[in-house]
Each structure stands twice: as structure tokens, then as C-alpha cells.
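Reader: I have a structure to study and would like to talk it through. May we begin with how its parts pack together?

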Amino acid sequence: MPVNSEDIRRLAAELESCQKILLALGDANRQHMMLEMMRMEQCSGVRVGAITEHTHLSRPAVSHHIQILKDAGLLKMRREGTKNYYYFDADTEAMNRLIRMLEHAKALMEQLPDRSGTSAV
């Protein structure tokens, strides 16, 4: 079944609904920060100071990136007195939207003919 304009419009809408999470995951500094947080193996949460110590980022930069990850639904925060602990707890609906969009994009690509301009021999 060929790809039609409705398929492309639906994929565009799906991509638009995933922009926050894609933006959050697409930044090299945030990827590095997330990897370092995972390597710390602190499932109950990590403080900004600990993240700063394990990355090349300043404390304000870590806080900035944490806010973007929180807004994207990838991180949550737990407070103990005056201390904040950040941990991974992804918004499952946001993750499911991302997975559905990627699966839809893959399915559409598999339906497309070879457009490389070279003919098969």
C-alpha cells in the first residue's frame, strides 16, 4: 500500500507531539549527564552537586538541563527537607507516543520505493 499525504500528515502530527522528549534526548550534554546519572546507580535520586562532580557542566548548566529533562517527562524530583534528588521516571504516555511515532515512521519508510536514482542490475 503506497504512502499517501494523510499518512505523512499523521506522522508530522505524531512527530510534533514528541518534540519535547526528542529535544531533551537530542542534546549531547544531556545525554552525557543522563549517562553519568545512570553510572552513579542511585535509583533513589541524585543531587545537582553530584551530577556536577561527574560531568564537565557547571551547577547552573546542570540545573538548566534537569529542568528540560523534567519538562520532557524523563526526570522527576524528590525532596527531603531542603535537598532535592533527581531520578529517572519517564512519563509512560510520552514514551509510548515516541515509540508509536518511530514505529509509524519505520512502517512508512518500508513502504517507499527505492529513490536513490540508481537502477537495480
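**Helix packing and overall form**

Author: This is a predicted model. In it, the axes of helix H2 (residues 19–26) and helix H6 (residues 92–111) come within 9 Å and cross at roughly 90°.

Reader: What does that angle say about how H2 and H6 are oriented to each other?

Author: Angles of 65 to 115 degrees count as roughly perpendicular, and H2 and H6 are therefore roughly perpendicular to each other.

Reader: Which residues meet there?

Author: From H2, the residues are Ile21, Leu22 and Leu25. They meet Ala94, Met95, Leu98 and Met101 of H6.

Reader: And how many of the residues in the contact of H2 with H6 are nonpolar, polar or charged?

Author: Seven are nonpolar, while no polar and no charged residues take part in the contact of H2 with H6.

Reader: Changing topic, how many helices and strands are there in the protein?

Author: The protein has six helices and two strands. Along the sequence they follow the pattern α-α-α-α-α-β-β-α.

Reader: What is the radius of gyration of the protein?

Author: The value is 19 Å, whereas a compact globule of 121 residues would have a radius of gyration near 14 Å. The C-alpha atoms fill a box of roughly 65 × 30 × 25 Å along the principal axes.

Reader: What share of the residues is buried?

Author: Buried residues account for 29% of the 121 residues. The accessible surface of the protein is about 8200 Å², and 55% of that surface belongs to carbon and sulfur atoms.

Technical notes:
Residues numbered from 1 in each chain as written. Predicted model: local features only at pLDDT ≥ 70, side-chain atom pairs only at ≥ 80, totals over all residues. Heavy atoms only, no water. Axes fitted to C-alpha atoms, helices over the stretch in contact; angles between N-to-C directions. Helix = DSSP H or I, 4+ residues; strand = E, 2+ residues; numbered from the N terminus. Parallel < 35°, antiparallel > 145°, perpendicular 65-115°, else oblique. Contact = heavy atoms within 4.5 Å. Nonpolar A, V, L, I, M, F, W, Y, C, P; charged D, E, K, R; others polar. Rg over C-alpha atoms; globule rule 2.2 N^0.38 Å. Buried < 20%, exposed > 50% of the residue type's maximum accessible area, 1.4 Å probe, protein only. Areas by Shrake-Rupley, 256 points an atom, 1.4 Å probe, with all protein chains shown as cover.
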